[in-house]
Amino acid sequence: QNDDCILDGYTLVYSASLPADFLDGSWSIGGTVYNSGDPLPEPPNCGGDNVFGYISTTNDILQLNYIYPSQYALCLAQVDAYFIDDWESPSGTWLKIEGQNVVKTYYDHLQDVSSLNDRCGSSTDDKIIRLLSEPFQMLDNTFTMAFEPEISQTGASFGVGNAMIYCTSCHSSCAQCINSAANGCQSCDVATPFLHVETLTDQEGECYVDSGNNGGCQTGYYLASANTCHRCTDPCASCVGVAATDCLTCESWASHLHVNDNTNPEGRCEPPVGPNTGCESGYYLDSPGVCKRCHTTCKSCSGPNEVDCNTCDFLHVTLSSDTTGVCYTDSGTNNGCQLGYYLSEPGECTRCNSSCQTCSGSSVSECIACDLSSPMLHRAVPEDPYGSCYSDPGSNNGCQTGHYLASSG
């Protein structure tokens, strides 16, 4: 494969090809650092090539320690490796980036530069191989590249020449990144300090300026940790967390926010239902697109209080024309209604006249039993099951004029 194709999109950020390039304090052999003025450790008779090395034992690790001038995304290392004098197989030489094996010689992606007899040293068995690493991510602005040749032949040695590093730059908004795209940032530049990631498991995302609200996050994200914003769960348009019940506003296709705890603003987003409010059963429309939970006694309601119920097993209303009231369970008597109410229609109890304890209707003359404040039940005829309740006048055995005491209690 042609190097130009592999390196497409990459920029050369480091090159060492001249003797002075290897004597700048960044190269070492077996822990010994080579600086300007030191003799170049190079194999003899290399046909004019600038080769740094002449390693003859396995323990003599040849290493580059390089400090990048700026942050990059992905990098490749390309080095011409010299296997000198009687190497039976150079396949045991590892190129390591940051301590990790990234390439071993004679892999498919390696490319022979030349195979020349007697290129260096004294033998007729020399090999020059161009090693091109797999792409690696730069996590900070330092870089370590090491060669660990497994030399087993007496008289054999190893060196490098034309060492180059190619990188792709991070997007301008990133401080660290995994690629050069705007959404490949792992941390952010100070000018765009808020990292926005799509899922809880993602480590990379896009960097934005402080939005000025929402914890600094853009709409559709929430502040998950310091300067890190996570995407809200669909269909939340804005949210306070990742849960489906953490929505603050909703996408248009699920436009109704259903809030369970009326003291908090967050809830879940649902498509509108029903012919009127769009709220699910058990919720009422508090404001456009916001449905709040009815009181626990209500099946449906017009507000949050227990007197705002519209439907339930036994809805108790003050007037038959009322659409809201209080819900109770079946009383077990009085057709399921509470005292002071009558069953005006299935599932609905209407308040009796205030003088009645029980009644058959809302009229003052439809009492069946009387309230303690007006304890005397007055019937038109003895056979009537209901009548009107009056207070004791203090004469006529407690009856009103025109009535007689038919029974007591």
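A pocket, as the word is used in these legends, is an open set of grid points, on a 1 Å grid over the protein atoms alone, with protein on both sides within 12 Å along at least five of seven lines.

**View 1. The largest pocket of the predicted model.** In this predicted model, the largest pocket has a volume of about 570 Å³. Its lining comprises 21 residues, and those that lie nearest the centre of the pocket are L377, H378, R379, A406 and S407. Two strands, β33 (367-370) and β34 (376-378), are the elements that give two or more residues to this lining. By residue class, the lining of the largest pocket divides into 13 nonpolar, 7 polar and 1 charged.

**View 2. An open sheet of 4 strands.** The strands follow the order β23-β22-β25-β24, with mixed pairing. Because β23 (268-270) and β24 (283-287) stand at the edges and each has a single partner strand, one side of each is left without a neighbour in the sheet. On average, and with direction ignored, neighbouring strands of this sheet are turned by 35 degrees against each other.

**View 3. The pairing of β22 with β23.** Strand β22, which covers residues 256-259, pairs with β23 in the antiparallel sense over 3 bridges. H256 has E270 as its bridge partner in β23.

**View 4. Residues 104-114, where pLDDT stays under 50.** Over the protein, pLDDT averages 84, and 88% of the residues score at least 70. For residues 104-114, by contrast, pLDDT stays under 50, and the model has 37 contacts for them beyond four places in sequence. Where pLDDT is low, predicted coordinates should not be read in detail.

Technical notes
Residues are numbered from 1 along each chain as its sequence is written. This is a predicted model: local features need pLDDT of at least 70, side-chain atom pairs count only at pLDDT 80 or more; totals for chains, interfaces and linings use all residues. Side-chain values use heavy atoms; hydrogens and water are left out. On a 1 Å grid over the protein atoms alone, a cavity is a set of points where a 1.4 Å probe fits but cannot get out, and a pocket is an open set with protein on both sides within 12 Å along at least five of seven lines; lining residues have an atom within 4 Å of a point. Grid points are joined across faces, edges and corners, and a volume is the space filled by probe spheres set on the points. Ala, Val, Leu, Ile, Met, Phe, Trp, Tyr, Cys and Pro count as nonpolar, Asp, Glu, Lys and Arg as charged, and the others, Gly among them, as polar. Two strands pair if DSSP finds at least two bridges between them. Axes are lines fitted to C-alpha atoms, for helices over the stretch in contact, and angles run from 0 to 180 degrees between N-to-C directions. pLDDT is the predictor's confidence in each residue, from 0 to 100. Contact means heavy atoms within 4.5 Å.
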